[in-house]
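Please read this note with the sequence and the model side by side.

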Amino acid sequence: MKKLEYHVKSKNGVHARPAANLAQVCTALDSQIIIKYGDKTANANDVLQILGLDICDGAVLEITANGGDEEAALKKVEAVLVENIRESEERISENAEEKPQVKTLKIAFFGRKDYDRIYFKELSKGTGEGTYNCEIQNFGTRFTPETADLAKGFDAICIFVNDECPREAVETLHRLGVRLILLRCAGFNNVDLQAAKECGITVLRVPAYSPYAVAEHAMSILMTANRRLHKAVNRVRENDFALSGLLGVDLHNKVAGIVGTGRIGQCMANICKGYGMTVIGWDAYPNKKLEEEGLLTYVSKEELFERADLISLHAPLIMGEGGTYHMIDAESIGRMKDGVMFVNTARGGLVDNEALIEALRAGKFHAVALDVYEGEDANVYTDHSSDYLSNDITARLLMFPNVVITSHQAFFTREALQAIATVTLENARNFNEGLPLGIAECK
């Protein structure tokens, strides 16, 4: 264990923005970072715990690192504190007379849930130099062309994966004077980017939040379907301890096929390696370093479908010729082994539902696990427990005992929610202050 003593020199102390950036950095470290201030302590990968310390100007922090990269971790922590507190304060002091006052960005937040508010509410507190300088108004409804008029009087909207922003909605936003669409997710297929470009509206996303969250969920629901855990738990609750119909298969010595080898795909590949699987992968832009490191071997899509015992989708949804829309169709399923296991935590449009259901009827799959599926939007994040199951696709998929469906929740961890809020508000601040937008910009 290594320790660092840090003296805070900032009239604002450690407010929301530096706390968020510090938590982001600490989440990626191998070491666990603990901050002690007075008689309070906080885990530095949790922004709410940091804010709970109420760190003020002149505070003396005792920071400890415990893990595999202790010395390097403390240097990174100190660098974040210095950059976000002392240096920013000096810049403000030096340029106070030259810089015009930044306008507060008014954001209409659609599809607000209680778990969204946990982080956005705390991080958007405070205005002025060094803060996110945003004012958020929450709307519980989804964003669609029918609800777009709610954005009147706002500079920006913030939407999620199940919101709909086609050309009609984009043109409504333009008419209302909205200049920015903030996506609190990585995917942007639900926004008409061409229409946004024509209307002069900037679209920003969260390129990555927690690849571990998505990959871990993929393996969790895949193993649930494989070992029929959803059925087993319900049986035991009903005092039924029979094992018939619950037979699974070992993953050890099987072949895992990873479709899309970005950050999430790499995490899934590592998990599969941990199970003792041979990992093969396909990507439109192969990362040869992954082969050199021995994580996986790249093959063609066709070979992957033919060889893999487990297929996990982590590719983006790209429409049009040469894209990934319905890449899992009757032809690709026909190439797969009988008894194959299949999991999709990427985008529903990657899979042709009709082809999947037909193959399930024919007994093609041992297990299917879906966190996403085409046609899910009306269901996602909504309580329909008192309603009839009116979604035809959902009802048809749920009739198969070897299918497990979750409600687009692969991202849903504390670390991911924290990262989504932090990056979304950083995007808003960068836009508002004319700073570089980087890879967050959707073009």
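This is a predicted model: local features need pLDDT of at least 70, side-chain atom pairs count only at pLDDT 80 or more; totals for chains, interfaces and linings use all residues.

1. Residues are numbered from 1 along each chain as its sequence is written, and side-chain values use heavy atoms, with hydrogens and water left out.

2. In helix α13 (residues 353-361), the buried residues include L356, I357 and L360, where buried means under 20% relative accessible area, exposed over 50% and partly exposed in between (1.4 Å probe, protein chains only). Helices (H or I, at least four residues) and strands (E, at least two) are DSSP runs, numbered from the N terminus. The buried residues of α13 pack against α12, β15, α14 and β16, and just after this helix G363 takes a positive phi of about 75 degrees.

3. T172, found in helix α5 (residues 167-176), is buried at a relative accessible area of 12%. Beyond its neighbours within four places in sequence, T172 is in contact (heavy atoms within 4.5 Å) with A148 and D149.

4. A salt bridge here is a side-chain nitrogen of Lys or Arg within 4 Å of a carboxyl oxygen of Asp or Glu, and by this rule the count comes to 23. One of them joins D338 and K364 (3.1 Å, N to O), a pair that links distant parts of the chain, 26 residues apart. D338 is exposed at 67%, whereas K364 is buried at 13%.
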